[in-house]
Amino acid sequence: NNNNNILGNFTQFLGYYGQLTNATSLVFSYFLFPFLISTFQLQRTLLLFPTLLLVITIVVVLVPKNLTLLFLGVLILKAMTYSFHDPAKELLYIPTSNSIKFQAKFWIDVVGARVAKAIGSAINNYAGSLDRAVKYGLIPSIVSAIALMLLCRRVGYGYENLTGTRTTVGDDDDEGDTDEGYSNTMQQHQYATLLDYELELEDKMVVHRDSWMSNSTIELVAMTPSELATTDNVEEEDDTQQQQQQLDN
């Protein structure tokens, strides 16, 4: 019975924790995040989470064995992660190309996040109790908070420079990413189509009429020998008529 009561209380605690976390995240996302981005810009918004993480870590150490304080601290940090730190982090991908987005998100979301959670779980598992977890997790928490502050400051400054100069991070020589690469690809496709069309024609003659106008297109006219002779006769008659009209004038 005692074990059942403990399990029931713990389940109820997790339910309250989830409800408060999601409700706080909703309020932060709707009211706080737009205000922070418009007022403090992205660089300072990114610095809020690591700064508060460092402050809460120090407070929990200075005021030990206070479950209420620990609960509120974890609740606020979790809500901040969901509400504006992760959305602000996603804004950093705006001045990057598609290939850079794919590579960066793989290392951050797949490798980096899983490794960080594995390290945290290993520390908690080794500690075995709340007091030992606070003791053994103090140094890693402070080091990670300071490192995250420096990193957020650096990437935020880089984001402001890139957006200010309208620069995109990526390989400009990649075909399809620039207008020049797209134009070269289309011209190669036109020439390849032209060659294939010539090879497939067996009983017809191909007349090439180059019309290199603004769009640089190629007009193909497929004719049989008899049709080609008829067309040539018509063109000769038109030329003769024009010359006769000029002489009459």
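**Salt bridges, helices and a nonpolar patch**

Asp-86 is partly exposed, because its relative accessibility is 27%; buried means under 20% relative accessible area, exposed over 50%, and partly exposed in between, with a 1.4 Å probe and protein chains only. The model is predicted, so local features need pLDDT of at least 70 and side-chain atom pairs count only at pLDDT 80 or more, while totals for chains, interfaces and linings use all residues. Residues are numbered from 1 along each chain as its sequence is written, and side-chain values use heavy atoms, with hydrogens and water left out.

Start with the charged pairs. The whole structure holds three salt bridges. A salt bridge here is a side-chain nitrogen of Lys or Arg within 4 Å of a carboxyl oxygen of Asp or Glu. Asp-86 pairs with Lys-89, and their closest N and O atoms are 3.8 Å apart. Both sit in helix α2 (residues 67-91), three residues apart, so about one helical turn separates them. Helices are DSSP runs (H or I, at least four residues), numbered from the N terminus. An α-helix has 3.6 residues a turn, so residues three or four places apart point the same way. Lys-89 has 24% relative accessibility and therefore counts as partly exposed.

Next, move to Lys-105. Its salt bridge with Glu-90 has a closest N to O distance of 3.2 Å. This pair links distant parts of the chain: Lys-105 is in helix α3 and Glu-90 in helix α2, 15 residues apart. Lys-105 also bridges to Asp-109, at 3.1 Å between the closest N and O atoms. Here both partners lie in α3, four residues apart, about one turn of the helix.

Asn-124 and Val-134 are ten residues apart in sequence, and their C-alpha atoms are 8.9 Å apart. Just after α3, Gly-128 takes a positive phi of about 85°.

Now look at backbone angles elsewhere. Most residues other than glycine have a negative phi. Gln-41 has a positive one, near 65°. Gln-41 lies in helix α1 and is partly exposed, at 42% relative accessibility. Arg-166 also has a positive phi, near 55°. Arg-166 is in the loop between α4 (130-165) and α5 (179-200). With a relative accessible area of 79%, Arg-166 is exposed.

Finish at the nonpolar surface. Val-55, Ile-58, Val-59, Leu-62 and Val-63 form a nonpolar patch, with about 400 Å² of accessible area together. Patch residues have over 30% relative accessible area and no salt bridge; like charges are joined within 9 Å, and nonpolar side chains (Val, Leu, Ile, Met, Phe, Trp, Tyr) within 5 Å. Accessible areas come from the Shrake-Rupley method with a 1.4 Å probe, and for residues only the protein chains shown count as cover. Leu-62 is in helix α1 (residues 2-62), and at 66% relative accessibility Leu-62 counts as exposed.

Notes. Helices (H or I, at least four residues) and strands (E, at least two) are DSSP runs, numbered from the N terminus.
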